[in-house]
Amino acid sequence: MGPLSQLSTEPLLYCRAQITSLVNDIIFSTASDIRDMKVRGAGRIARAGALALAAYAEAYTVRDLEQFRSDIRKASDTLLDSRPTAVSLWNGVHATVRGLKDAESFEAAREAVITDGRRFAEESEKAVQRIARIGSKRIKSGDTLMTHCNSSAAIGVIAEAVRQGKDVKVYATESRPWRQGILTVNDLSKAGVDVTLIIDSAVRTVMSRVDRVFVGADTITSSGSLINKIGTSQVAMAARECRVEFNVCSETYKFSPKTMFGDTVTIEERNIDEVVRPGEIPEGVKVFNPVFDTTPARYIDNIITELGIMSPGAVYGVMVRQLGDSIFNLE
Ligand code: RUB
């Protein structure tokens with residue numbers, strides 16, 4: 001390559017590098033927003049992942065199918081590495097890239113990622129709205145409810161019941177250490193709900209006044225167990241002891257098909273700075289900060305999904321039906 005061609009291609013290479021780094025920024029900034037919990041909640045992170053891949057595909061300029069496939073795979077892995085527990089992100093990313101394999105041209109592959117990413121996000125929003133309509137029917141005027149953490153699906157159900165004119169009271173847990181309960185009381189208060197904030201250790205005391213619990217889901221396993229914000233299982237056990245109905249509000253993209261084949265759900269552990277300030281405890285004292293826990297299926301009365309209300313025992317059948325033939329490619 002002579003000096004002339006070097007002169008003419010260098011600016012082009014420079015521009016291409018700039019564009020590539022801008023395109024990669026879409027993925028890196030979404031992954032870091034999810035990791036730092038600027039975007040949080042299982043539904044929101046799934047939509048953010050799907051829309052980031054769609055935006056990445058839209059901005060992608062190298063018109064080479066194999067290169068595109070490989071870069072989308074890397075982008076997907078970067079997003080999936082951001083938080084490990086919510087299967088919604090995995091399902092959202094896989095729903096977005098599913099057309100890549102059979103696409104015969106770069107244009108077709110890019111179009112598939114853009115369309116499927118946007119479709120996933122739209123359907124996810126619709127599922128949350130449908131759950132609100134279905135779940136609200138479980139609530140009677142005069143009910144006292146409890147919710148834990150900050151779940152848009154659970155809040156949607158309660159807000160819809162109040163919108164229909166039902167008179168309900170809600171206890172919302174603080175949800176240490178991130179205190180998502182503060183978001184919840186703000187959300188519910190904006191929706192006109194009579195809401196009381198309680199500290200997490202008040203759950204057992206308050207449960208005797210509660211008629212129904214509504215929580216969200218990060219992941220539901222093939223055996224119908226729930227993985228959700230740490231403390232959910234204690235809420236469920238207290239509810240069972242007091243004979244209080246325990247409802248999980250979960251879009252079906254929070255069902256984990258991987259658990260059918262023996263995969264276990266990784267429970268995220270976060271930095272100890274979220275629990276104690278530097279210097280607050282003696283050196284050598286350990287801090288354990290798991291941010292999700294597992295509620296066994298036997299503590300769950302209803303799983304409220306966009307397909308309807310089901311028992312934990314029905315989850316396996318729904319997974320098989322939804323996956324169809326693709327079930328054989330999962331193991
Ligand atoms: C949020 C949490 C929520 C579920 C469901 O944890 O556990 O209950 O994600 O939320 P974090 P949604 O704040 O650590 O992400 O119904 O909004 O999907």
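How far is an oxygen atom of the ligand from an N or O atom in the side chain of Gln180? The distance is 2.7 Å, which falls under the heading of a polar contact, that is, a pair of N or O atoms within 3.5 Å; within protein, one must be able to donate a hydrogen and the other to accept it, and residues adjacent in sequence count only if both atoms are side-chain atoms.

Before I continue, a word on the source. This is a predicted model, in which local features need pLDDT of at least 70 and side-chain atom pairs count only at pLDDT 80 or more, while totals for chains, interfaces and linings use all residues. Residues are numbered from 1 along each chain as its sequence is written, and side-chain values use heavy atoms, with hydrogens and water left out.

From Gly43, a backbone N or O atom lies 2.8 Å from a ligand oxygen atom. The protein buries 100% of the 460 Å² that the ligand exposes when taken alone; such accessible areas come from the Shrake-Rupley method with a 1.4 Å probe, and for residues only the protein chains shown count as cover. There are 18 residues around the ligand, and Arg40, Ser151, Ser152, Lys229 and Lys254 come nearest; a residue is near a molecule or strand if one of its heavy atoms lies within 4 Å of it.

I turn to the spaces in the protein. On a 1 Å grid over the protein atoms alone, a cavity is a set of points where a 1.4 Å probe fits but cannot get out, and a pocket is an open set with protein on both sides within 12 Å along at least five of seven lines; lining residues have an atom within 4 Å of a point. Grid points are joined across faces, edges and corners, and a volume is the space filled by probe spheres set on the points.

How many cavities of 30 Å³ or more are there? The count is 1, and the volume of the largest cavity is about 210 Å³. Its lining has 22 residues, with Arg40, Gly41, Ala42, Asn150 and Asp218 closest to the centre. Two or more lining residues come from each of α2 (42-59), α6 (152-163) and β6 (226-229), and α2 gives the most, with 3. Helices (H or I, at least four residues) and strands (E, at least two) are DSSP runs, numbered from the N terminus.

The largest pocket has a volume of about 1,300 Å³. Of its 33 lining residues, Asn91, His94, Ala95, Arg98 and Leu323 lie nearest the centre. Here α5 gives the most, with 7 residues.

Next, the sheet. Three strands form an open, antiparallel sheet in the order β5-β6-β8; two strands pair if DSSP finds at least two bridges between them. Because β5 (219-220) and β8 (292-295) stand at the edges with a single partner strand each, one side of each has no neighbour in the sheet. Between β5 and β6 there are 2 bridges, and Ile220 has Leu226 in β6 as its bridge partner.

Finally, one loop deserves a mention. Between β2 (169-173) and α7 (180-190) we find Pro177, and the peptide bond from Arg176 to Pro177 is cis, with omega near 0°. Ser175 lies in the loop between β2 and α7, and its phi is near 65°, a positive value in a residue other than glycine.
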